[in-house]
Amino acid sequence: MTRYALRGLSLAVGLGLWQLLTSLNVDVWLRFSQFPTVTDVAHAFADRLSGPDYWTDLTDSLTRILTGFLLATVLGVATGVLVARSRLAEDLLGPLLEVVRPIPAIALVPVAILLFPSNEQGIVFITFTAAYFPVLVSTRHAVRALTPVWEEAVRTMGGGRWRILGSVVLPGALPGIFGGLSVGIGVSWICVISAEMISGQYGVGYRTWQDYTVVDYPGVFVGMVTIGVLGWLTSTAVELLGRRLTHWLPRTSYIPGGRAPRRVRGATALTPAGPRTKENVPHDQLV
């Protein structure tokens, strides 16, 4: 409860500082007099919530981000495992992927406009590209970092390639995969909003740009707040799913102030300070 209180306090302090600087029209290098106040944004937010356009924009942006992100998850993990496990795949796909990877996804908007018959498909393509490469790279590194002992153990017990893939490769690489997913969902939001601003019809990014063109600055901040909340919710969902699927990992919560860390579920008991002899090493670690 203390942690949640501190988080709420940090948001309250930020909003209070925003309200104070804008209401007093403070202009000390930074021109806060040009900003709308928190109350102006709140009134604009209430007006938007009562209209149908806000919910249409929200639905369109979420549909685009989820479609592109799910495609990137499936194809990114599959390609990462393939490149990490097969020299032939690495030789065939590696050079092409490494050449395309440094290109920012938003720079592919002209390609998407020329390539796809509709703007909707082009925006989904931009979103997919933004998330695909972080997932691919994290999966590739996670698979290559697996210890060979696990695979050899499965082979010793008669397991084949698919057994190794399902029992060793994918479970062992899950922490790294979800690291890439967390990065990918954030980059996807950046790119989908930018793509909606450039070539979208409806969507949070499109509406935010339209508000800017008509000098509706409270409306612009409504879009910014909406983007921030949606990004936070989706990133939290990915993180919670990752914790759920990797519950077998040992996690220790450290208490500040020099006290000993407390034991949490799945964590191995810590040994006392001193030389690691057979007497003070737990049996499971000794094995």
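**Close-up views of a predicted model**

**Figure 1. The whole chain, element by element.** From the N terminus on, the elements run α-β-β-α-α-α-α-α-α-α-α-α-α. That gives 11 helices and two strands. Helices (H or I, at least four residues) and strands (E, at least two) are DSSP runs, numbered from the N terminus. The model is predicted: local features need pLDDT of at least 70, side-chain atom pairs count only at pLDDT 80 or more, and totals for chains, interfaces and linings use all residues. Residues are numbered from 1 along each chain as its sequence is written, and side-chain values use heavy atoms, with hydrogens and water left out. Of the 287 residues, 33% count as buried. Buried means under 20% relative accessible area, exposed over 50%, and partly exposed in between (1.4 Å probe, protein chains only). Contact means heavy atoms within 4.5 Å. Among contacts with a separation of 6 or more, 63% join residues 24 or more positions apart.

**Figure 2. Helix α8 packs with helix α9.** Two packed helices are described by the angle between their axes and the distance between the axes. Helix α8 spans residues 161–199 and helix α9 spans residues 204–213. Their angle is about 55 degrees, and their axes lie 7 Å apart. That makes α8 oblique to α9. Axes are lines fitted to C-alpha atoms, for helices over the stretch in contact, and angles run from 0 to 180 degrees between N-to-C directions. Angles under 35 degrees count as roughly parallel, over 145 as roughly antiparallel, 65 to 115 as roughly perpendicular and the rest as oblique.

**Figure 3. Residues where α8 meets α9.** From α8 come Ile193, Glu196 and Met197. From α9 come Val204, Gly205, Tyr206, Thr208 and Trp209. By class, this contact has five nonpolar, two polar and one charged residues. Ala, Val, Leu, Ile, Met, Phe, Trp, Tyr, Cys and Pro count as nonpolar, Asp, Glu, Lys and Arg as charged, and the others, Gly among them, as polar.

**Figure 4. Glu196 and its surroundings.** Glu196 lies in helix α8. Its relative accessibility is 0%, so Glu196 counts as buried. A polar atom of its side chain lies 3.3 Å from the backbone nitrogen of Val204. Leaving aside neighbours within four places in sequence, Glu196 is in contact with residues including Ser61, Arg64, Ile123 and Tyr202.

**Figure 5. Val100 in helix α4.** Helix α4 covers residues 87–100. Val100 has 28% relative accessibility, so this residue counts as partly exposed. The C-alpha atoms of Val100 and Thr129 are separated by 9.9 Å. Along the chain, Val100 and Thr129 are 29 residues apart.

Key: Polar contact = N/O pair within 3.5 Å; in protein donor to acceptor, adjacent residues only side chain to side chain.
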